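Biologist: Walk me through this one, please. Start with a word I will need.

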Amino acid sequence: MENIEENSKRKKRGEKFMKIGLIDADLLNNASRHPNLAILKMSGYYKSLGHDVMLLEDYDTTDNYDLVCISKVFSSTNVPEFIFNKSNIKLGGTGFYWDNAPDLPYEIEHHMPDYHIYDNYINSKIKSGAKRSYYQDYLDYSIGFSSRGCFRKCSFCVNKKYDKAQKHSPISEFLDTTRKGIYLWDDNFLACSHWEEILDNLEATKKPFQFRQGLDVRLLTDKKAQRLSKTKYHGDFIFAFDNIKDRDLIEDKLSLWRKYTDKSTKLYVLCAFESQDENDINNIFERINILAKYKCLPYIMRYEKYKDSDLEGVYTQIARWCNQPNFFKKKSFREFCEVNQEYVKTKKCASMIALEYFENKYPEIAKKWFDIKFWE
């Protein structure tokens, strides 16, 4: 009914009614588990103006639309070449532009997301046998940025556009009160001077929330640690341990964190960025060892260069081991590989091939780490 009334007003003003197609390129290429926030906002905005908006599930019908907006987050996502030469197609997102992606227009950036634009796609997948839990980010959570920006400008990170963290959107701007929780995509929330005010607003919703990109553990203070630990947080608290050079600072901050809480805490462990060799593998295990000391879970984040290394298989198996807490908490890396071998009776499994390759080539590093049950 709202669209009919808006279309009537549009005709009186002599404005054109448009058919608009939206394409989440990451979804089509990688079956992403997370909705594209730009897609949600564009859908909400254009629908509010009375336009006919559809989420497209392929690139075949783009000529049938007055405007097609394609967004992608990841540079590794493949898209067809013809989209770059179509006058009715607009491109956006870090996947196309890295850290120079143009901002959405203000009126779109600050519009309530349309949390139902993915409904038809998801319903068809569930009817085909997919589990609803796979799509919980689409179905159960309000999503937005309470702050934007980060001062660190890490060489591996796409968030270099802003010089500092600052308030971006009030929580009410993207809050759907019918949804059970809130996900935040802030770049570096703890660097924002308004962090406490934002926490007040989050807690006022009485909904669990989580900062999905992680929090900068290096910026923890006594006040921040105490306040965060008492919030209604969803799932693991997530921080990052990107560089072994930060060892002393990370240990100080984790000790501070554990002063206030024993809640489940995970740290992203970046690897294969500065090098893709035995020293990098050793650094991974050093960081794992430190995290286990504070009962924190490692989550291995492999920079794409790992695929060019002769240790690609080792990186893959370490990630499989660490990123499944039930394995990491109970088994050493060697035991994890041996369990995988038990399922493959007739030949060496990928886990054992990787382990033996590294152990034969770098026995001292393997001897140091491969048999430790870190959680014990």
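Modeller: A residue is buried when its relative accessible area is under 20%, exposed when it is over 50%, and partly exposed in between, using a 1.4 Å probe and protein chains only. This is a predicted model, so local features need pLDDT of at least 70 and side-chain atom pairs need pLDDT 80 or more, while totals for chains, interfaces and linings use all residues. Numbering starts from 1 along each chain as its sequence is written, and side-chain values use heavy atoms, with hydrogens and water left out.

Biologist: Okay. Is Leu 270 buried or exposed?

Modeller: Leu 270 is buried, because its relative accessible area is 12%. Leu 270 lies in strand β11. Strands here are DSSP runs of E with at least two residues, helices are runs of H or I with at least four, and both are numbered from the N terminus.

Biologist: How far apart in space are Leu 270 and Ile 284?

Modeller: They are 8.2 Å apart, C-alpha to C-alpha. In sequence, 14 residues separate them.

Biologist: What about the cores? How many residues are in the largest nonpolar core?

Modeller: The largest nonpolar core holds 96 residues. A nonpolar core is a set of buried Ala, Val, Leu, Ile, Met, Phe, Trp, Tyr and Cys residues joined through side-chain atoms within 4.5 Å. Phe 285, Ile 318 and Trp 321 have the most contacts inside the largest one. There is also a second, separate core of 11 residues, including Tyr 59, Val 68, Ile 70 and Phe 96.

Biologist: Why would those side chains gather like that?

Modeller: In soluble globular proteins, nonpolar side chains tend to be buried together.

Biologist: Which residues does Ile 318 touch?

Modeller: Leaving out residues up to four places away in sequence, Ile 318 touches Ile 281, Ile 284, Phe 285, Ile 300 and Phe 333. Touching, or contact, means heavy atoms within 4.5 Å.

Biologist: And where does Ile 318 sit?

Modeller: Ile 318 is in helix α12, residues 312–322. The buried residues of α12 are Val 314, Tyr 315, Gln 317, Ile 318, Ala 319, Trp 321 and Cys 322. Their cover includes β11 (265–271), α11 (278–293), β12 (297–302), α13 (325–330), α14 and α15.

Biologist: Two of those are α14 and α15. At roughly what angle do their axes cross?

Modeller: The axes of α14 (residues 333–342) and α15 (residues 350–361) cross at roughly 140 degrees and come within 8 Å. Axes are lines fitted to C-alpha atoms, for helices over the stretch in contact, and angles run from 0 to 180 degrees between N-to-C directions. The two helices are therefore oblique to each other. Under 35 degrees counts as roughly parallel, over 145 as roughly antiparallel, 65 to 115 as roughly perpendicular, and the rest as oblique.

Biologist: Which residues of α15 make that contact?

Modeller: From α15, Ser 351, Met 352, Leu 355 and Glu 359 take part. On the α14 side, the residues include Phe 333, Phe 336 and Cys 337.

Biologist: New topic: sheets. In what order do the four strands run in the open sheet?

Modeller: The order is β2-β1-β3-β4, with parallel pairing. Two strands pair if DSSP finds at least two bridges between them. β2 (52–55) and β4 (89–92) are the edge strands, so to speak: each pairs on one side only. On average, neighbouring strands are turned by 20 degrees against each other, direction ignored.

Biologist: What packs on that sheet?

Modeller: Helix α3, residues 37–48, packs there and touches β1 (19–24), β2 and β3. The direction of α3 makes about 170 degrees with that of β1.

Biologist: Tell me about β3. How many of its residues are buried?

Modeller: Five of its five residues are buried. Leu 67, Cys 69 and Ser 71 are on one side, with Val 68 and Ile 70 on the other. β3 joins β1 over five bridges and β4 over four. Ile 20 has Leu 67 as its bridge partner in β3. In β4, Cys 69 is partnered by Lys 90, and Ser 71 by Gly 92.

Biologist: Last one. Which residue in a loop has a positive phi without being a glycine?

Modeller: Ala 272 is one of them, with phi of about 65 degrees. Ala 272 is in the loop between β11 and α11, and counts as buried at 0% relative accessibility. Lys 295 also has a positive phi, near 55 degrees. Lys 295 lies in the loop between α11 and β12, and is partly exposed, at 40%.
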